[in-house]
Amino acid sequence: MLKKIQKHSNSRFEEIGYPSKKLENWKFSSSKHLKKYLSNNSDDKDTSIDNHDDEYTLCFINGEITLESLNKFIYKDDMTILDIDQLSDENICSTSSNFEKEALFHLGLSTIKSGKYFEFKKGSKFDTPIQILNFYSKKNEGLRISSFNIFKLNQGNNISIIEKDVNKGSSSFNLSLKKFICSENTILNHSMMYDDSTESNYLGYNYYELGRNVLLNIDSMNINSTFNKNFIDIDLNKEGSEVKINILNLARNQQHLDNNILMNHNAEHCISSQNVRNILKDRSTCVFNGKVIVADGAQQTDSNQSNKNLLLSQNATAHSNPQLEIYADDVKCGHGSTTGALDKDSIFYLRARGIKESDANNILVKAFAKEILQDFVNDDIRNLSENNLNHWIDG
Amino acid sequence: MIKIKNLKASIEDKAILKGINLEIPKGEIHVIMGRNGSGKSTLANVIAGNETCEVDGGSIAMNGNDITEMSIENRALQGLFLCFQYPVAIPGVSMAYFLRAALNAKNKHDGEEEMDAVQFLATAKKILSELGLDDSFLKRSINDGFSGGEKKKSEILQLLMLNPQLAVLDETDSGLDVDALRTVAKGVNEFKNDNNSVLIITHYQRLLEYIKPDVVHIMIDGKIVKSGDMTLVHEVEKNGYSWLVK
């Protein structure tokens with residue numbers, strides 16, 4: 001089945017080509033520099049995964065899961081794990097209609113060597129989060145690494161997934177495709193941590209398909225990425241579901257961070273919130289492209305979208321494009337966006353109590369970030385994020 | 001304590017203070033009254049070092065040290081405290097964190113050790129209780145979602161915790177009900193002793209029913225036009241400011 005999907009994606013990519021700035025989703029993010037990366041055909045398994053491979057961790061090297069981590073994985077008996085090629089139902093692999101229009105999504109899908117399907121058994125509740133570590137080897141300089149994995153939660157599942165990228169010092173183009181199927185009455189907490197000191201480029205396509213009464217929390221912190229563009233598309237297809245997205249991005253130098261979020265309210269009585277904050281130093285840039293679509297009949301929708309950008313340099317630039325499309329008449333939807341420097345009155349207030357100007361600035365930056373971090377679901381991720389934030393501010 | 005000589009200041013090129021002369025000795029409470037727009041709050045901000053105000057001439061000295069060009073934080077560390085008319089809300093920074101940061105900065109400047117958490121909490125809780133505030137006040141973000149009364153009580157909490165040498169109260173009585181006004185006045189009276197000074201900026205007499213000033217100044221169009229005792233307050237209450245305009 002994989003070959004059939006790849007054939008379709010290959011022809012779609014050939015048809016569309018690399019995205020230009022004329023496209024809404026790429027208006028402020030150039031794809032030009034991504035063209036130089038060649039598809040990774042090597043079979044590098046030499047990458048050291050150090051001491052990361054504990055029993056709660058699934059390790060992927062260059063997009064492929066390691067057998068060692070899979071064998072050791074504590075929850076493996078509570079799951080069905082298959083190669084995507086083994087799936088008979090093509091619908092399991094289908095993704096957002098928005099991604100269907102994305103050339104680089106198709107480029108990624110058409111060039112993966114394999115992918116995994118993880119299905120959690122009905123009723124499984126894991127006390128300890130699953131950690132997913134994506135290792136990218138040193139030999140990936142100039143290469144494009146594509147991966148595609150599908151996670152299916154069944155009724156009663158309560159699963160936390162913490163995902164981190166570990167770059168081993170190469171400059172690669174990491175193209176990550178993921179699908180999450182959340183069946184009725186499930187809870188998924190998905191944390192994404194990007195802390196990359198290499199010159200790598202990251203492009204993520206994350207699709208979440210939600211059934212009835214699902215609670216989905218997405219927490220993400222992005223720090224030190226040269227180029228990081230992350231698509232999050234969510235279909236709330238049945239009533240009673242709730243989605244909370246909290247994203248904090250920190251950028252310096254000429255780093256570029258881009259969040260594309262599409263929230264499709266296709267059913268009644270669903271709630272969603274998007275909170276995205278960017279803090280920019282130097283000549284860095286960020287993009288927030290968020291859209292909420294409330295379909296005809298999706299009554300009693302309650303949706304909120306907020307993007308706040310803090311510019312710590314006169315040369316930093318934030319592009320914000322919050323959008324609402326509402327086709328139902330009994331809904332509560334709000335959106336807002338602010339971009340600006342640190343508030344002078346707040347700095348004066350703190351300094352008037354004897355606090356040094358540099359300390360006052362740092363307190364205010366932390367406070368701005370903390371309003372996102374305090375809503376992170378996982379305590380460890382919140383603490384790690386706060387530490388990363390402190391280092392970034394001091395750095 | 002503080003000596004202001006021929007102070008001139010402007011905001012966005014508009015002259016506001018046009019030659020202020022004021023001296024407040026240690027142990028005294030002075031009041032400045034005046035109409036809206038006479039420059040009272042600008043004077044408070046210039047004393048505190050607010051950089052939106054441009055000093056065009058004159059000088060400010062505290063305990064004999066010229067602070068006219070001093071940074072905002074160094075003035076505070078020298079013992080100056082501005083009780084804000086409109087305290088800003090800073091979401092994400094708890095009152096406890098803020099107060100400890102301010103106290104630690106002061107102690108460091110004074111060559112003293114940092115106040116430990118136990119001592120800090122004991123001191124803060126005592127003052128909170130006197131101000132009629134719950135201990136949970138410390139966990140709240142600075143002035144975020146505070147009522148008008150809570151904001152002013154928060155300023156008094158900071159005043160009593162930091163124990164400065166000179167407190168400048170910029171319309172601290174505005175927007176307070178009678179009970180809150182009494183509480184705030186009680187806090188100021190508790191703060192006051194023979195070794196510190198207070199400058200109260202106000203429109204109204206009512207705060208002065210609870211805090212007794214030593215000297216009253218009337219400010220009109222950026223200048224102090226008359227000084228006297230409490231009888232001056234009563235005259236203003238009765239006749240307004242018109243009779244003082246030349």
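In the predicted model, Lys5(B) is partly exposed, its relative accessible area being 47%. This value falls in the intermediate class because a residue counts as buried only under 20% and as exposed only over 50%. Lys5(B) belongs to strand β1 of chain B, which spans residues 2-11. Beyond its neighbours within four places in sequence, Lys5(B) makes contact with Ile20(B), Asn21(B), Gly58(B) and Ser59(B).

Along the principal axes, the C-alpha atoms of chain A fill a box of roughly 65 × 55 × 45 Å. Seven helices and 20 strands are assigned in this chain. Of the residues of chain A, 58% count as buried. Among contacts in chain A with a sequence separation of 6 or more, 84% are between residues 24 or more positions apart.

The surface of chain A was also examined. Chain A exposes about 16,000 Å², and carbon and sulfur atoms supply 43% of this area. The chain carries 45 positive and 53 negative side chains, and a distance of 4 Å lies between the centres of the two sets.

Chain A and chain B are in contact through 17 residues of chain A and 31 residues of chain B. The area buried between the two chains is about 2,000 Å², with carbon and sulfur atoms giving 67% of it. On the side of chain A, the residues that lose the most area to chain B are Phe348(A), Tyr349(A) and Arg353(A), which together account for 41% of what that side buries.

Helix α5 of chain A, formed by residues 344-351, is mostly covered, with six of its eight residues buried. The buried set consists of Ser346(A), Ile347(A), Phe348(A), Tyr349(A), Leu350(A) and Arg351(A).

Note on methods
Residues numbered from 1 in each chain as written. Chains lettered and ligands numbered in written order. Predicted model: local features only at pLDDT ≥ 70, side-chain atom pairs only at ≥ 80, totals over all residues. Heavy atoms only, no water. Buried < 20%, exposed > 50% of the residue type's maximum accessible area, 1.4 Å probe, protein only. Helix = DSSP H or I, 4+ residues; strand = E, 2+ residues; numbered from the N terminus. Contact = heavy atoms within 4.5 Å. Areas by Shrake-Rupley, 256 points an atom, 1.4 Å probe, with all protein chains shown as cover. Lys, Arg positive; Asp, Glu negative; His and termini not counted. Charge placed at Lys NZ, Arg CZ, Asp CG, Glu CD. Buried area = accessible area lost by both parts, 1.4 Å probe.
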